[in-house]
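Student: Could you go through this structure with me? I would like to start with the overall picture and then move to single residues.

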Amino acid sequence: MAAPAHATGGMTCRTAGPKPVEVSLVIGHTAGSPLVSGRMVDNGTAIEVRAVQWWLDASELRLLLVDPDATRAEVTLKAKKNGRFYDGSLVRGGVSRWVRCRES
């Protein structure tokens, strides 16, 4: 007997303006919406990160990414559902910026 397929989806979040920060997430479509992987690019430079906390539901997305040793926060993201998107704020290096997330 074949095992059931567990599909994944994605979410891409990007700040506006010069020197954008982009966060890409792979999310499982199973109970609890597990975060499979995450990646971050800051102004064109890939930054190695680990996701330690996240929340995604029909109305809100929250995310905390840390450095590989989990000694410092790299990004905190909070966004609320706004039509087809999630709009909110991304904090990196103590600076808060507007961010838009969309399914990818």
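Tutor: What follows is a walk through a predicted model, from the whole chain down to single side chains.

Student: Okay, how many helices and strands does the chain have?

Tutor: The chain has zero helices and nine strands, and read along the sequence its pattern is β-β-β-β-β-β-β-β-β.

Student: And what share of the residues is buried?

Tutor: Of the 104 residues in the chain, 34% are buried. The accessible surface comes to about 6400 Å², and 54% of that surface belongs to carbon and sulfur atoms.

Student: Which residues touch the most other members in the largest nonpolar core?

Tutor: That core has 18 residues, and the ones that touch the most other members are Met11, Cys13, Val23, Leu61, Leu77, Leu90 and Cys101. Strands S1, S2, S6, S7, S8 and S9 each supply at least two residues of the core, and S2 gives the most, with four residues. As general background, nonpolar side chains in soluble globular proteins tend to be buried together.

Student: Can we zoom in on Met11? What is Met11 in contact with, leaving aside its neighbours within four places in sequence?

Tutor: With those neighbours left aside, the contacts of Met11 include Val23, Leu25 and Ile27, and also Leu56, Leu61, Tyr86 and Cys101. Ser24 and Ser104 are in contact with Met11 as well.

Student: You mentioned Tyr86 and Cys101. Which residue stands opposite Tyr86?

Tutor: Tyr86 stands opposite Cys101, which is in S9. Strands S8 and S9 run antiparallel and are joined by seven bridges. They form a hairpin with two residues between them, and Gly93 in the turn has a positive phi of about 60°.

Student: Is Lys19 buried or exposed, and why?

Tutor: Lys19 counts as exposed because its relative accessibility is 56%, and the cut-off for exposed is over 50%. Ala70 counts as exposed too, because its relative accessibility is 53%.

Student: New topic: is Thr12 buried or exposed?

Tutor: Thr12, which lies in strand S1, counts as buried because its relative accessibility is 19%, and buried means under 20%.

Student: What does the side chain of Thr12 make a polar contact with?

Tutor: The side chain of Thr12 makes a polar contact with the side chain of Ser104, at 2.9 Å. Leaving aside neighbours within four places in sequence, Thr12 is also in contact with Glu22, Val23 and Ser24, among others.

Student: Where is Ser24, and what is it in contact with?

Tutor: Ser24 is in strand S2, and it counts as buried because its relative accessibility is 17%. Apart from neighbours within four places in sequence, Ser24 is in contact with Met11, Thr12, Ser37, Gly38 and Arg39.

Student: Let's turn to charges. How many salt bridges are there?

Tutor: The count comes to nine salt bridges. In general, side chains of opposite charge can pair when their charged atoms come close.

Student: Which residues are linked in a network of salt bridges?

Tutor: The network links Asp42, Asp67, Arg72, Glu74 and Arg92. One of its pairs is Arg92 with Asp42, at 2.6 Å from N to O. That pair links distant parts of the chain, since Arg92 is in strand S8 and Asp42 is in strand S3, 50 residues apart.

Student: And Glu74? Which residue does its side chain meet in a salt bridge?

Tutor: The side chain of Glu74 meets that of Arg92 in a salt bridge, at 2.5 Å from N to O. Here Arg92 in strand S8 and Glu74 in strand S7 are 18 residues apart. Glu74 counts as buried because its relative accessibility is 6%, whereas Asp42 is partly exposed, with a relative accessible area of 21%.

Student: What about Arg72 and Asp67, how do their side chains meet?

Tutor: They meet in a salt bridge, at 3.9 Å from N to O. Arg72 counts as partly exposed at 48% relative accessibility, whereas Asp67 counts as buried at 3%.

Technical notes: Residues numbered from 1 in each chain as written. Predicted model: local features only at pLDDT ≥ 70, side-chain atom pairs only at ≥ 80, totals over all residues. Heavy atoms only, no water. Core = buried A, V, L, I, M, F, W, Y, C linked by side-chain atoms within 4.5 Å. Buried < 20%, exposed > 50% of the residue type's maximum accessible area, 1.4 Å probe, protein only. Contact = heavy atoms within 4.5 Å. Areas by Shrake-Rupley, 256 points an atom, 1.4 Å probe, with all protein chains shown as cover. Pairing = 2+ DSSP bridges. Polar contact = N/O pair within 3.5 Å; in protein donor to acceptor, adjacent residues only side chain to side chain. Salt bridge = Lys/Arg side-chain N within 4 Å of Asp/Glu carboxyl O.
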